[in-house]
Each structure stands twice: as C-alpha cells, then as structure tokens.
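Open the structure in your viewer and keep the selection tool at hand.

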Amino acid sequence: MAIGPRLELRQGQALVMTPQLQQAIKLLQLSNIELTAYVEQELERNPLLERQDGEGGGEDARDAFDVAEAGGDPARLDLDGDASVVSAREAMDVEADGGDSGADAYSYGGEGGGLGPSDSYISGRGGDMRFEDGESSLEQTLSEDLSLRAHVEEQWRLIPASPAERLIGQALIDSLDEAGYITESLADLADRLGTPPDAVEAVLAKLQQIEPAGLFARSLKECLGLQLRERNRLDPAIQALLDNLEMLAKRDIAGLLKICGVDQEDLTDMIKEIRALNPKPGLVFGGEPVQTLIPDVYVRRGSDGGWLVELNNDTLPRVLVNTRYYTKVARSKPDAKNPAKGEREKATKNYLSECLNSANWLVKSLDQRAQTILKVASEIVRQQEAFLRLGIDHLKPLNLKAVAEAIEMHESTVSRVTSNKTMATPRGIFEMKYFFTASIGATDGGDSFSAEAIRHRIKDLIDAESADDVLSDDKIVEILAGKGVDIARRTVAKYREAMNIPSSVERRRLKKAGLLPVG
C-alpha cells in the first residue's frame, strides 16, 4: 500500500468553550462587588448596555429597553424540605409586624436565639467577633481615623521648642513606622542633621510625652516602659521583668521569680499588667476605613416557620439593553449614491449586531448566575437547617458532591458559586464555604458529625478547664467518645494545634502562672 497524502472528512462531537460560555462561568465565581465592577466595564465598552437607575421609566422606556435584573425570586424553604417560589412583595411582607423593610427587616428572632439591631455577629472559618450593647454603630465602623502622623504633628506643635528642636522633631516624626516606633538610630539621625546626639535625645524625650504613651520608642522594652511610667508603675521589680522579656516569652517563671525578687502572686500581677499594655500604640491611628461585610444572600425565618432565602438585590447590578437604537440603525438603508458611506453603515451594523449579541448574553448570564446562587444557597439551608435552629453543635458534614447531586449540577459549578460569597443567617454572616466540612464518624454507627462542630466542642471543653483539672488529648477523646464521637487522639491534637491551643502540660503551667484564663 502506497503512502501518500490524502484528504478525509470526519464527523465528531466536541465541547468547545466559547467566549460567551467562559464569561458565564467567570460571572459565577464573582462576588457582588466584583460583579458590579465587571458590569461597569461592560457598560463602558458596549453602547447598547445602559444602567437601570430607578424603578420608573414609563411606557416609552419599556418599549425601548429590555429590562434585565441580576436578581432572582426568593425561595421559601419549609421544614419538611419542600421549596416554593414566592413573589418579591411576599418576601418583603413576611414579617407583617415589622412594617419596614429597612435595617430591622433582617433583625432575626424567634427560635434558636435571635440577634437584634444592637447585637450583630460576624463569623467565618477564621474566627468570630461580637459587638454588643450598640458599641459598634455604622458611623463608628466607617469613620476614617486621624492618621498617626497628623496626630503626632498636631501634638508636637503644642509642645514648647526652639526652631532647631522643631527641625529635629520633624525628622524623628518622619522616621516613625505605623506601629509608632523609631526606625532610624539616633546616632545616624544626629549625624545626618549635623547636631549632637544629646540634642536628639532631648527632643525625643519631649516627643515621648505625646499620647498615647509608648510612641517614639526604640524597642519593645522602651515602649512598655513608657506606658508603665505614665501609669506610675515602673518600679525596680517590673523594670527587671522588662529587662528579661525573652525569659517571659519562654515562660521561665522560676527564673523570673529569682531575678525580680518577688513571690508568685506579685509576678502574676506584673505579668497581667504587661499583658494589658499595647505593644504597638501607633496602630490605633490611621489606616483605611473598615469596610462593612455585605452578604450576597439573606436567610431568615418566614411567618410560616420555614426559611426564606433571597439574594441581596441592593448590591446586584441592573442593566438595560437599548433595542430601539439598534432597530433604528438596522432598518436604515444604504445610500446607493455614496458607496463609502454605505460601507461605513454596513460596518456600523455589524458592530452593533455584535454588541447586541454580547449584551443579550450578559443579561442571560446575569439571570442564570442569580438563579444558580439561589438554588445552591437554598440547598445549603435545607441541609444545614439544624445548625440554623440549634447552633454550631448541630452543623452537619457536607461536601460539594452532595449539594451538586441534590440540585442536579456539576461539582465545579457549586464550587464556583460558593466562592467569594457570604450568607447572612440568624447565626451570623458566614462564607458559603463554611458550611462544607469533613465528617467525623459516630461510635454507634449513626449519623456522622461535622469536623467544625467537633472543633467547637474541643474548644469548649478546654475553655472550661480549671488549673487543677487540665484535660489531656486522650481525656478529650474519652469525653467525646462518651457523646458518640469516634475520633482519634492525633485528630484531636491536630484540631487543637490548628486553633493555636497549647498542650495540656503547657496549659497547666500557664494557668497556674495566671497567663491563661481559668474556666
């Protein structure tokens, strides 16, 4: 058989990732803030896309535009697992007694412990933070603090000084880092300014009078000493403790007792005083204003006892497609007398046709994204309903595959949907990824336990310890086994170390020295 080139036709099927499909996949994993930025770019690029600024617009606007909202209808989940779609107005009128859809519309109450307007809870995989009694108002959270430099310069102007001292003082202010420490040696600074080191020392002493105490220190020891001096607590014993901070870091209690010449009770009190000081006093100033965490999904109890899941439409972009302008250009006939003009009109029509397809695809992608997020969030709420009612001890083990199979989607889609998304629940604001945890088996072969719930139980057991009754890892395993949890000692140790909790031997020593709270 001769070998030579030949032409063949073959028919086959292949999955092709078109740019439109890639765009839809990209939109899935964006948070609401990132999505808004992306849509803003599309608005600048595509002349047929326009922003919907309000709900009104009249009949002409409705005729001219196809309205696309990147939102979806909220889903109501009953406790028996059934889900039904309700209208947006029904969603806002669920709390009939509230009468307002403002800030109190999502003040959760009822079964399982509620959170009111003055008691908000923000949580994630890395920890939690609670603000109570209205101590953290929105204005306090978002207010921009005075910068460290501005504060120091304002105070320095109020301190009497000569022109030469003003110059030295400004050089010292310029060498401050964000924590409030001097970053340049006084010898180098004196040499650079051509002044005696004693003059720089004298100005530094004046600057160290600026509040808060501890600013313009050259070391941690000096920073803590300035704060103790301001409190009139810098006696020889505590000075000896400051001179041996490395021994305190190593928790060499016996050596410190000998060096400081005090008894156990006095040393414990001195350590507590030092722990109450601020090692970085400059950090209380400046920085960027704190950004509030805006959830992507709201979950709240309905009037019928079920769970209402809805998207946060306030943060979702809304776009319009200007079909009137496209229709007007498309219907225009080419000028036969001016071929050049006809070519330009043809190129314009082709360009606008591409823009229309892109705009329509964006509208479709936004709607599909909203529906997918709502579907995934609803399934998470259904799976973790016990956690929402009873707390973290009832968090169930959950993986992407279980959710994907329940809603008939691919695992990768669920993974993208839950990335960079947060959910506001009666228990606080959580990342969607928080609800996916590994499982710990049960001793009796029953339902498994969530790894996150077991970590929480281990922390509660350790927090309740006394100085005379510190639990070893083996003892924790025994206690958990008595509650039906099948867990190995090495797993307990791994979870404990992940939470930065010392071993039982270390905890016993620290509790007796007063360095750890006693439950």
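Begin by selecting Cys 223, which counts as buried because its relative accessibility is 0%, below the 20% cut-off. Keep in mind throughout that this is a predicted model.

Next, select Cys 355. With a relative accessibility of 5%, Cys 355 counts as buried too, because 5% is under 20%. How many disulfides are there in the count? The count comes to zero disulfides, where a disulfide would need a pair of cysteine sulfur atoms within 2.5 Å.

Now move to Asn 360, which you will find in helix 16, residues 339–383. Is Asn 360 buried, exposed or partly exposed? Its relative accessible area is 35%, so Asn 360 is partly exposed.

The next stop is a pair of helices. Select residues 400–407, which form helix 18, and residues 411–418, which form helix 19. Their axes are 8 Å apart and the packing angle is about 110°. Angles from 65 to 115 degrees count as roughly perpendicular, and therefore helix 18 and helix 19 are described as roughly perpendicular to each other. To see the contact, show the side chains of Leu 400, Lys 401, Val 403, Ala 404 and Ile 407 on helix 18, together with Glu 411, Val 414, Ser 415 and Thr 418 on helix 19. By class, five residues of this contact are nonpolar, two are polar and two are charged.

Go on to a second pair: helix 20, residues 451–463, and helix 22, residues 489–498. Here the axes lie 10 Å apart, at an angle of about 80°. That angle makes helix 20 roughly perpendicular to helix 22. On helix 20, pick out Ala 451, Ile 454, Arg 455, Ile 458 and Ile 462; on helix 22, they meet Val 492, Tyr 495 and Arg 496. The contact of helix 20 with helix 22 has six nonpolar residues, two charged ones and no polar ones.

Finally, zoom out to the whole chain. Its secondary structure comes to 23 helices and 13 strands. The chain has 519 residues, of which 40% count as buried. Among contacts with a separation of 6 or more, 65% are between residues 24 or more positions apart.

Terms used:
Residues numbered from 1 in each chain as written. Predicted model: local features only at pLDDT ≥ 70, side-chain atom pairs only at ≥ 80, totals over all residues. Heavy atoms only, no water. Axes fitted to C-alpha atoms, helices over the stretch in contact; angles between N-to-C directions. Helix = DSSP H or I, 4+ residues; strand = E, 2+ residues; numbered from the N terminus. Parallel < 35°, antiparallel > 145°, perpendicular 65-115°, else oblique. Contact = heavy atoms within 4.5 Å. Nonpolar A, V, L, I, M, F, W, Y, C, P; charged D, E, K, R; others polar. Buried < 20%, exposed > 50% of the residue type's maximum accessible area, 1.4 Å probe, protein only.
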